[in-house]
Amino acid sequence: MATQLDAERIEYEREVMLAPPRRWRVDFFLPRINAAVEIEGGTWNGGRHVQGAGFEKDCEKYNRLTELGFQVLRYTTSMVKRGEAVAQIKSMVAE
């Protein structure tokens with residue numbers, strides 16, 4: 001994702017904490033559109049993001065970020081590899 005964002009010259013920050021005092025970090029923060037971007041790994045092999053406790057904790061994080069006024073964009077690894085994620089982000093940044 002970072003390589004794709006760099007290629008499109010889209011400004012981002014990595015591993016940013018947006019909801020102190022919680023120590024949650026988002027994979028990417030896009031300041032221009034005030035968006036938290038999360039890459040959901042392990043969606044096809046039973047990774048943390050799709051199992052009960054991990055899924056619930058992610059919901060808590062995403063809901064709090066939304067409550068604080070951030071857009072939350074979630075993508076699977078496959079969506080990143082196919083270029084779908086960066087295409088949508090590029091469109092949003094251009095608006």
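Author: A residue is called buried under 20% relative accessible area, exposed over 50%, and partly exposed in between (1.4 Å probe, protein chains only). The model is predicted: local features need pLDDT of at least 70, side-chain atom pairs count only at pLDDT 80 or more, and totals for chains, interfaces and linings use all residues. Residues are numbered from 1 along each chain as its sequence is written, and side-chain values use heavy atoms, with hydrogens and water left out.

Reader: Which element of the chain has the highest mean pLDDT?

Author: The term pLDDT is the predictor's confidence in each residue, from 0 to 100. The chain has a mean of 90, with 88% of its residues at 70 or more. Where pLDDT is low, the predicted coordinates should not be read in detail. Among the elements, the lowest mean, 88, belongs to α2, and the highest, 98, to α1.

Reader: In what order do the elements of the chain run from the N terminus?

Author: Elements are DSSP runs numbered from the N terminus, namely helices (H or I, at least four residues) and strands (E, at least two). The chain has four helices and four strands. From the N terminus on, their order is α-β-β-β-α-β-α-α.

Reader: What percentage of the residues in the chain is buried?

Author: The accessible surface of the chain is about 6000 Å² (Shrake-Rupley method, 1.4 Å probe; for residues, only the protein chains shown count as cover). Carbon and sulfur atoms hold 49% of that surface. Of the 95 residues in the chain, the buried share is 38%.

Reader: Beyond four places in sequence, with which residues is Ile-89 in contact?

Author: Contact means heavy atoms within 4.5 Å. Ile-89 is one of the residues with the most contacts inside the largest core. Leaving aside neighbours within four places, its partners are Met-1, Leu-5, Ile-10, Leu-30, Val-37, Leu-73 and Tyr-75.

Reader: How many residues has the other core, which lies apart from the largest one?

Author: Val-16, Ala-19, Leu-65 and Phe-70 are among the members of this other core. Its size is nine residues.

Reader: Are the two rings of the pair Phe-29 and Phe-70 stacked or edge-to-face?

Author: Rings of Phe, Tyr and Trp (its six-membered ring) pair if their centres lie within 6.5 Å; planes under 30 degrees apart are stacked, over 60 edge-to-face, and the rest tilted. Both Phe-29 and Phe-70 are buried. Phe-29 is in strand β2 and Phe-70 in the loop between α2 and β4, 41 residues apart. Their ring centres are 5.9 Å apart and the planes stand at 85°, so the pair is edge-to-face.

Reader: What is the angle between the planes of Tyr-12 and Phe-28?

Author: Tyr-12 is partly exposed at 21% relative accessible area, whereas Phe-28 is buried at 4%. Tyr-12 lies in the loop between α1 and β1 (13-16) and Phe-28 in strand β2, so the pair ties together parts 16 residues apart in sequence. This edge-to-face pair has a centre-to-centre distance of 5.5 Å and a plane angle of 70°.

Reader: What is the N to O distance between Arg-22 and Glu-60?

Author: A salt bridge is a side-chain nitrogen of Lys or Arg within 4 Å of a carboxyl oxygen of Asp or Glu, and the structure holds six. Glu-60, in helix α2 (residues 52-67), touches Arg-22 and Trp-24, not counting residues up to four places away in sequence. Arg-22 is partly exposed, at 39%, and Glu-60 is likewise partly exposed, at 39%. Their side chains meet in a salt bridge with an N to O distance of 2.9 Å.

Reader: How many residues apart in sequence are the parts tied together by Lys-90 and Glu-8?

Author: The side chains of Lys-90 and Glu-8 form a salt bridge of 3.2 Å, N to O. Lys-90 is partly exposed at 43%, and Glu-8 is partly exposed at 35%. Lys-90 lies in helix α4 and Glu-8 in the loop between α1 and β1, so the parts tied together have a sequence separation of 82 residues.

How values were computed. A nonpolar core is a set of buried Ala, Val, Leu, Ile, Met, Phe, Trp, Tyr and Cys residues joined through side-chain atoms within 4.5 Å.
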